[in-house]
Amino acid sequence: MVDALYLAAVTLLFVPWVYGLYALARDGKNRFLPLARQYLRGRRNRSEQAEAEAEREERERQLY
């Protein structure tokens with residue numbers, strides 16, 4: 001009797017824990033991963049724009 005009750009209690013506690021891990025993985029894939037990609041894309045664009053601006057200024061200095 002005690003073994004069956006213990007097994008039922010452990011099972012009931014295990015199911016929400018597994019669902020929590022699943023929800024964490026799902027949130028990471030659907031929410032945090034796109035935000036990280038967007039952040040990295042923005043940093044890359046800013047650095048490319050800064051390089052282009054520096055090259056343009058260098059060409060202007062060379063012309064005058």
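What follows is a conversation about the labels and the values behind them.

Visitor: Before we start, what kind of model is this?
Guide: It's a predicted model, so keep that in mind throughout.

Visitor: How do you know how far helix α1 reaches compared with what's expected?
Guide: α1 runs over residues 2–63. It has 62 residues, and from its first C-alpha to its last it reaches 89 Å, close to the expected 92 Å.

Visitor: Where does α1 bend, and by how much?
Guide: At glycine 28, by about 40 degrees. That angle is taken between axes fitted to the seven residues ending there and the seven starting there.

Visitor: What makes Phe14, Trp17, Val18 and Leu21 a nonpolar patch?
Guide: To join a patch, a residue needs over 30% relative accessible area and no salt bridge, and nonpolar side chains are joined within 5 Å. Together the four residues show about 410 Å² of accessible area on the surface.

Visitor: How many aromatic pairs does a search of the whole structure find?
Guide: Two. In one of them, the rings of phenylalanine 14 and tryptophan 17 have their centres 5.7 Å apart and their planes at 40 degrees, so the pair is tilted.

Visitor: Why is that a pair, and why tilted?
Guide: Ring centres have to lie within 6.5 Å, and 5.7 Å meets that. Planes under 30 degrees apart would be stacked and over 60 edge-to-face, so 40 degrees leaves tilted. Phenylalanine 14 and tryptophan 17 are three residues apart in helix α1, about one turn.

Visitor: What about the pair of tyrosine 19 and tyrosine 22?
Guide: Tyrosine 19 and tyrosine 22 are 6.0 Å apart centre to centre with 45 degrees between the planes, and their pair is tilted too. They also lie three residues apart in helix α1. Tyrosine 19 is partly exposed at 49%, and tyrosine 22 is partly exposed at 47%.

Visitor: Why do residues three or four places apart point the same way?
Guide: Because an α-helix has 3.6 residues a turn.

Visitor: Now the charges: how many salt bridges are there?
Guide: The count comes to four.

Visitor: How do you know that glutamate 60 and arginine 56 form one?
Guide: The rule asks for a side-chain nitrogen of Lys or Arg within 4 Å of a carboxyl oxygen of Asp or Glu. Here the closest N and O atoms are 2.4 Å apart, so the contact qualifies. The two residues are four apart in helix α1, about one helical turn. Glutamate 60 is partly exposed at 38%, as is arginine 56 at 34%.

Visitor: What makes glutamate 57 and arginine 61 a salt bridge at 3.9 Å?
Guide: The cut-off is 4 Å, so 3.9 Å passes. Glutamate 57 is partly exposed at 33%, whereas arginine 61 is exposed at 54%.

Visitor: What else does arginine 61 meet in a salt bridge?
Guide: The side chain of glutamate 58, at 3.0 Å from N to O. Glutamate 58 and arginine 61 are three residues apart in helix α1, and glutamate 58 is partly exposed at 37%.

Visitor: Which residues are linked in a network of salt bridges?
Guide: Glu53, Arg56 and Glu60.

Definitions and conventions
Residues numbered from 1 in each chain as written. Predicted model: local features only at pLDDT ≥ 70, side-chain atom pairs only at ≥ 80, totals over all residues. Heavy atoms only, no water. Patch = residues over 30% accessible without salt bridge, like charges linked within 9 Å, V, L, I, M, F, W, Y side chains within 5 Å. Areas by Shrake-Rupley, 256 points an atom, 1.4 Å probe, with all protein chains shown as cover. Expected span 1.5 Å × (residues − 1). Buried < 20%, exposed > 50% of the residue type's maximum accessible area, 1.4 Å probe, protein only.
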